[in-house]
Every structure is written in C-alpha cells, then in structure tokens.
Amino acid sequence: MRHNKKFNHLSRKVGHRRALLKNMTNSLIEHKRIETTLTKAKALRQYIEPLVTKAKEDSLHNRRVVFSYIQNKHAVTELFNTIGPKVADRPGGYTRVIKLGNRLGDGAEMAMIELVDFNEIYNPNEAKPKKTTRRKKKKVPTATLR
C-alpha cells in the first residue's frame with residue numbers, strides 16, 4: 001500500500017532532495033527562469049509556491065520561515081523586495097512549467113520553469129513603454145554671411 005506517499009522522491013534520499021530543491025529555488029529566484037527535467041520542475045513548483053505566498057506579506061516571522069527553507073539571505077531579500085510585491089494581487093500559481101522536449105543524451109523530458117509575472121512575452125496586461133517614431137530631421141538651410 002502506498003499510504004502517505006504524495007510527493008515524488010526524485011530517486012534521492014531526504015538530505016540530497018532537500019539540498020537539490022533548495023539550490024533550484026535559489027537559482028529560480030535569482031534568474032526568474034531555469035531549465036531542468038520535467039519531474040524536477042514539478043517538484044520545485046510544489047516547493048516554491050508556499051514560499052512565494054509567504055513573501056506576499058513582509059514580516060520578520062515570514063522572512064525567518066522562508067530563510068529556514070532556502071538559507072540564502074540574498075535570495076530571501078530578492079524574494080521579499082521584488083517578487084513578493086509583484087505577485088501580491090495574484091491568488092496563487094506563481095510559476096509556469098513549459099515542456100521543451102527530450103534531452104539528447106538520455107532522452108529525459110526537459111522543461112523550463114519560470115516565475116509568471118517576470119515574463120514579458122506572456123504578460124499582455126503590463127504597461128509597455130510607448131514607441132516613438134524616429135523621423136529624419138529636416139535640413140534647415142543655413143544662411144551664409146558674405
């Protein structure tokens with residue numbers, strides 16, 4: 001019977017799995033988009049979503065709770081100062097997993113996981129800078145003095 005076996009163990013022991021997810025979380029917070037296998041991306045999504053939810057409310061307690069998971073003060077600062085305010089009005093679903101195909105070496109399914117609000121292509125609601133037309137300047141005749 002497989003009672004209480006909800007999450008994927010990723011063929012790793014507990015310490016190795018926690019270190020893997022912690023490092024991938026730090027990379028995702030720093031770069032806003034990483035490429036990994038599909039299984040790891042889905043496991044990372046379950047790991048990081050509650051941390052981003054905690055980052056929506058900036059308090060010392062939430063910072064300490066998140067720090068206990070990722071143990072990188074630069075990542076915690078980035079999470080609470082830039083990511084938290086940007087996703088404050090979103091009720092969940094902070095990450096997106098996009099399948100990329102199979103890896104050449106071993107045929108593993110690859111995926112890209114990214115933070116949803118930090119992708120400019122998929123965010124049509126975000127204000128875009130106005131485009132200005134660049135016209136050729138008219139030549140102004142210069143008066144010659146004789």
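Of the 146 residues in the protein, 32% are buried, meaning under 20% relative accessible area with a 1.4 Å probe and protein chains only. Keep in mind that this is a predicted model: local features need pLDDT of at least 70, side-chain atom pairs count only at pLDDT 80 or more, and totals for chains, interfaces and linings use all residues. Residues are numbered from 1 along each chain as its sequence is written, and side-chain values use heavy atoms, with hydrogens and water left out.

**Overall layout**
- You get four helices and three strands, in the order α-β-α-α-α-β-β from the N terminus; helices are DSSP runs of H or I with at least four residues, strands are runs of E with at least two.
- Take the contacts (heavy atoms within 4.5 Å) with a separation of 6 or more: 55% of them join residues 24 or more positions apart.

**A look at helix α4**
- Helix α4 covers residues 73-86, and its end C-alpha atoms sit 19 Å apart, which agrees with the 20 Å that 14 residues should span at 1.5 Å a residue; the expected span is 1.5 Å times one less than the number of residues.
- There's a kink of about 35 degrees centred on Leu79, taken as the angle between axes fitted to the seven residues ending there and the seven starting there.
- Leu79 is itself buried, as are Ala75, Val76, Phe80, Ile83 and Gly84.
- Cover for the buried residues of α4 includes α1 (14-31), α2 (38-55), α3 (60-70) and β3 (109-115).
- At the start of α4, the backbone nitrogen of His74 has a side-chain oxygen of Asn72 within 3.1 Å.

Note on methods: Buried < 20%, exposed > 50% of the residue type's maximum accessible area, 1.4 Å probe, protein only. Polar contact = N/O pair within 3.5 Å; in protein donor to acceptor, adjacent residues only side chain to side chain.
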